[in-house]
Amino acid sequence: MKTIIGNIIPEETRIAVIEDGRLRDFAVERNDETHIVNHIYKGVIQNILPALQAAFVNIGRKKNAFLYMGDIFPRAATKEEIQQAHISVGQSILVQVVKEEQSTKGSKVTANVSLAGRYTVLMPTVDYVGVSKKIRSEEERNRLRSIAASVKPDGMGLIIRTVAKDINQKELIADIQYLLRTWDSIQQRYKLAKKPKLLYREADLVMRMVRDHFTSEIQKVIVDDKDAYDRICQVFTNSCWKERVVFYAEEQPIFEYYQIENNLHHLMSRQVSLPSGGNLIFDHAEALTVIDVNSSKYTGNSTLQDTIFHVNKEAAVEIARQLRLRDIGGIILIDFIDMAQPTKRDEILKILEREISSDCTKTRVLGMTALNLVEITRKKSRQSLHQVQFSPCDVCGGSGYLYSPETVAIQIIRRLRHMVRARNIKGDLLISAHADVLEILQEKKQLEALERELARTLHFENTQHPNREVFSILSYSES
């Protein structure tokens, strides 16, 4: 059984899902204007790039949104309909954000809107009724499909969500009708809006978590904010569901009481330990995330191949969990420890696919190469935990590296020689540098040799600057 625990303050919302006493899912959302996935806007096409088959759309934000041309047309549009359509700069268009703004890039949008409810997803641009594959019973699938088909308007589509299994007809129809009213309201606002404007705001993290995760597997929902508690209770008309919602009013912070805070610190770490003593190393690049699997302290009690296989099995399970917890999206490359036997490679892939199958975010395992590299793609719509919690280091510029003290000392010596010979500077010199660099420059033999070569006395000063690459050289008389 699972428990949803929410820590809500005005500035930030944190939601954790605990399963069997262990952190299974985690999400964080700041109460700012950067979280715009699934928001719907009235946009205006600013410019069209035929070579990229794309357009940039003004949606009323600082950065224009990116729109792929194919996403302008309904999913069921024919090739002839697409060719006959005329798109021009200045044209108004209704779009939905599918990917948040990232670094220097604007958001990504589509004209194929979808609205998620508790039990269904409304798709106004496609005529289709689908049922979640996780609902196995064919009889139940047919029942749900029949109810949806009887309610939905012609030309619109519906997807029945997993949580709708065994739900009664009245509740299902009520959910669909709510989405239809919402869509009508959005269209009315679109017609009335005179300029780019937000038309529909996606539910906040608390309501999304309840909407998307509250199933029969959830034992309790515990939140420490009265307003959030009341809003969750309003979602459930059934009293037995309401009984699972608990308001936490104790003095001790809720995440400390349930021992979640310590787990969150581990999520910020580059290294993750495995039960056997092996570890995972996470490195984030602009285009992908790389995960390295190491045996580390684990030596095993059998053959080398058995030891490697054991570490890789643990790694496959933990990687699937970490992808969920850290909300890592995009391209993911996993460097498993080399395995010579193809059967063991296949088993690692099966374990990885099994563990990833429970991920709510669409994830695909693309296979393993001869070098034991596994490629994974995971839908990336919001900022990952790493992007939300961290910003580039002001000292190293986000690279994670600085020049060594030896390298900076050599740079200073090179600059000194140039200043004395090329610029013909007279008198003694004052060098301001980091303490680690000064330690090398002030080494007795080297300093004496350098002062003889330059024919002047060198004076030193600690800059107190955190970046050891920062230094200055001045005439001692100027100082």
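Predicted model: local features only at pLDDT ≥ 70, side-chain atom pairs only at ≥ 80, totals over all residues.
Which residue in strand 21 is the bridge partner of Val365? It is Ile376.

Strand 21 covers residues 373–378. Follow its side chains one by one, and they alternate between two faces. Val374, Ile376 and Arg378 point to one face, and these three are buried.

Strand 20, residues 363–368, runs antiparallel to strand 21. Four bridges join the two. The Val365 and Ile376 pair belongs here. Strand 20 and strand 21 also form a hairpin, with four residues between the strands. In that hairpin, Asn372 takes a positive phi near 65 degrees.

Strand 19, residues 330–335, pairs with strand 21 as well. Again the sense is antiparallel, this time over six bridges. Find Ile334, and you will see Val374 of strand 21 standing opposite.

Next, turn to charged side chains. The model holds 23 salt bridges. Start with Arg24. Its side chain meets that of Glu19 in a salt bridge, at 3.1 Å from N to O. The side chain of Arg24 also meets that of Asp25, at 2.5 Å from N to O.

How do these residues differ in burial? Buried means under 20% relative accessible area. Arg24 has 9% relative accessibility, so it counts as buried. Asp25 is buried too. Glu19 has 29% relative accessibility, so it counts as partly exposed.

One more salt bridge deserves a stop. Arg270 forms it with Asp283, and the closest N and O atoms are 2.7 Å apart. Where do the two partners lie? Arg270 is in the loop between helix 8 (261–267) and strand 16 (271–273). Asp283 is in strand 17, residues 279–284. The pair therefore ties together parts that are 13 residues apart in sequence. Asp283 has 35% relative accessibility, so it counts as partly exposed.

Finally, some salt bridges share partners. Trace it on the structure from Arg24, which meets both Glu19 and Asp25.

Conventions: Residues numbered from 1 in each chain as written. Heavy atoms only, no water. Buried < 20%, exposed > 50% of the residue type's maximum accessible area, 1.4 Å probe, protein only. Pairing = 2+ DSSP bridges. Salt bridge = Lys/Arg side-chain N within 4 Å of Asp/Glu carboxyl O.
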